[in-house]
Amino acid sequence: MIITGVAVCLVVLLGAGFYSTRKVRGDTGNFLLAGRSLGAPVIAVLLMSQVIDSNATLGSADLSAAFGFWAGAAMPLGIAVSVLLVGLFFAKKLRATGVVTLPEYFGQRFGRSTEITASVLTVVSFGILLAGNLVALGYLLEYFLGLNYTIAVLVIIPFVLAYTMAGGMFASVYTGMVQFAVMVVGIISLLVWVAAGPGFSSPEGLGIGNLGQLTDPAQGAAINWATIVALGLGNLVAIDLMQRVFSAKSPHAAQRACFSAATGILLLCVPLSFVALAAVSIVGDSAADAPILYVLLGQYTPQWLSILVLSGLVTASLTTISGILLSTATVLVRNIFRVGGEHAAMSSDVMKATRWAMLPMAALGAIVALRVPQTGILLTLTFDLLLASLVVPFILGLFWTRGDGVAVAAAAIVGIGVRVGFFVLTPTIYGVDNTLLYIPNDLVSADVDGWTTFLAVIVSLMVYVGVALVRRPTPTPIPAATSGPEKELIAV
């Protein structure tokens, strides 16, 4: 019954995705950025879907149940901080430039080599993020349908590819509106059910009042703060977030959307950590081999509630996957391979090339999902890598005229080198076993987990500022507004 209800929701989602093809009308600008026609409420919904997908929600719930309230709440708190910062300092400024992708900003500010560097780093990082959502959906099909996990992951990919390749950004818009409506009702209903039934409770030492989770490294404080910082700052260079900002009909609409989304994330997602803690007492030991939220919804909640929440989680994940496929494929086509030349956004070849470029991205996501079947951790790891490499050049590049491509390259190479170096030497990733790429050694212990996030970004900052001060001021100006997305950026 539960799967039947979710399947009906997916049919509606697929229908909405294919209906969006009518909005594209063969126009590349419509396919990539929905014609830059989206209002603040729509953009806000799309931004919120990033954190209420099954990757983030399941990851947050599992972390809360295992390590405490603040371990799980750190994820929505970090993303809310990020979206708020985008609204305060970046949305209006970047939307006014008329760029199509975030790496295009790096190219205009620092040069072609930096554009390629930013493109490669963001595409690889978002391949990891894509994998996180595939993991969560794979677990869902495995738990509720009994499918083999590998088969489940491979089944999901053609489904989401179908409507994304058809509708582009409009597909994300239409499916995003469907999932948001379902998810809001589902989350509120779940909170009411727990409050009216089993009641909110928390195991000893894991509740919101145990502030040792934020002050004591032995209780995971370093990891929890690293999660907040990695998501709060690393998400500033999220290409799917920025593509949605660039799709706003005006700079003011983009800014308002960010403020609304940050508020919605806090109101909708942080309370789920209370649900996860209550679920520990409700489900007992039955959640040992499955995500705790799936066990709660599969065995304890009323079927109608299970259908609502699971439908919302599935559609949110598919919306996120759709946005990742579109944004990464756009970067591959426009910024790395330059299909259509300098004015790729207006080229008739771009839409076709973007659709084909989604295929290797889907393959990359599947490989990582099969290699690292972890929810939540992959989300944090994505932005941890971006924080170590691109965040400092992005922020200082917008507000400081010093610094050029050499400074960016130095900061990115050293920052990512430090982060990846510790990554392969540390036996854990944000508190879970490092099964992705660990080299056994006696030099680095699990005690540095979390701290290396701060070390990498501090090193990146020092290198960028140092190189920028040593070299002459860059002659490349900060990008300014243009009259349209297809025109060259005009320097100020």
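Mentor: Let us begin with helix H14 (residues 251-269), whose end C-alpha atoms are 27 Å apart. This is a predicted model, in which local features need pLDDT of at least 70 and side-chain atom pairs count only at pLDDT 80 or more, while totals for chains, interfaces and linings use all residues. Residues are numbered from 1 along each chain as its sequence is written, and side-chain values use heavy atoms, with hydrogens and water left out.

Trainee: How do you know that the span of helix H14 agrees with what it should be?

Mentor: The expected span is 1.5 Å times one less than the number of residues. For the 19 residues of H14 this should give 27 Å, and the end C-alpha atoms are 27 Å apart, so the two agree. Helices (H or I, at least four residues) and strands (E, at least two) are DSSP runs, numbered from the N terminus. The protein has 22 helices and two strands.

Trainee: Which residues of H14 are buried?

Mentor: They include Ala253, Ala257, Cys258, Ile265 and Leu268. Buried means under 20% relative accessible area, exposed over 50%, and partly exposed in between (1.4 Å probe, protein chains only). Buried residues make up 60% of the 492 residues in the protein.

Trainee: What makes helix H7 (residues 102-110) largely enclosed?

Mentor: Eight of its nine residues are buried, so H7 is largely enclosed by the rest of the structure. Among the buried ones are Leu102, Tyr105, Phe106 and Phe110. After H7 comes glycine 111, with a positive phi near 115°.

Trainee: Why is threonine 354 called buried?

Mentor: Its relative accessible area is 0%, which is under 20%, so threonine 354 is buried. Threonine 354 belongs to helix H18 (residues 348-371).

Trainee: Why is leucine 84 called partly exposed?

Mentor: Its relative accessibility is 38%, which lies between 20% and 50%, so leucine 84 counts as partly exposed. Leucine 84 is in helix H6. Together with Leu88, Phe89 and Phe399, Leu84 makes a nonpolar surface patch of about 400 Å².

Trainee: Why is asparagine 224 counted as buried, and what is it in contact with?

Mentor: At 5% relative accessibility, under the limit of 20%, asparagine 224 counts as buried. Asparagine 224 lies in helix H12 (residues 221-234). Contact means heavy atoms within 4.5 Å. Leaving aside neighbours within four places in sequence, asparagine 224 is in contact with Trp70, Ala71, Ala74, Gln213 and Gln219.

Trainee: What makes a set of residues a nonpolar core?

Mentor: A nonpolar core is a set of buried Ala, Val, Leu, Ile, Met, Phe, Trp, Tyr and Cys residues joined through side-chain atoms within 4.5 Å. The largest core has 138 residues, of which Val83, Val86, Leu190, Leu325 and Phe394 touch the most other members. Helix H17 (residues 303-336) gives this core its largest share, 16 residues. Apart from it lies another core of seven residues, including Phe69 and Trp70.

Key
Patch = residues over 30% accessible without salt bridge, like charges linked within 9 Å, V, L, I, M, F, W, Y side chains within 5 Å. Areas by Shrake-Rupley, 256 points an atom, 1.4 Å probe, with all protein chains shown as cover. Salt bridge = Lys/Arg side-chain N within 4 Å of Asp/Glu carboxyl O.
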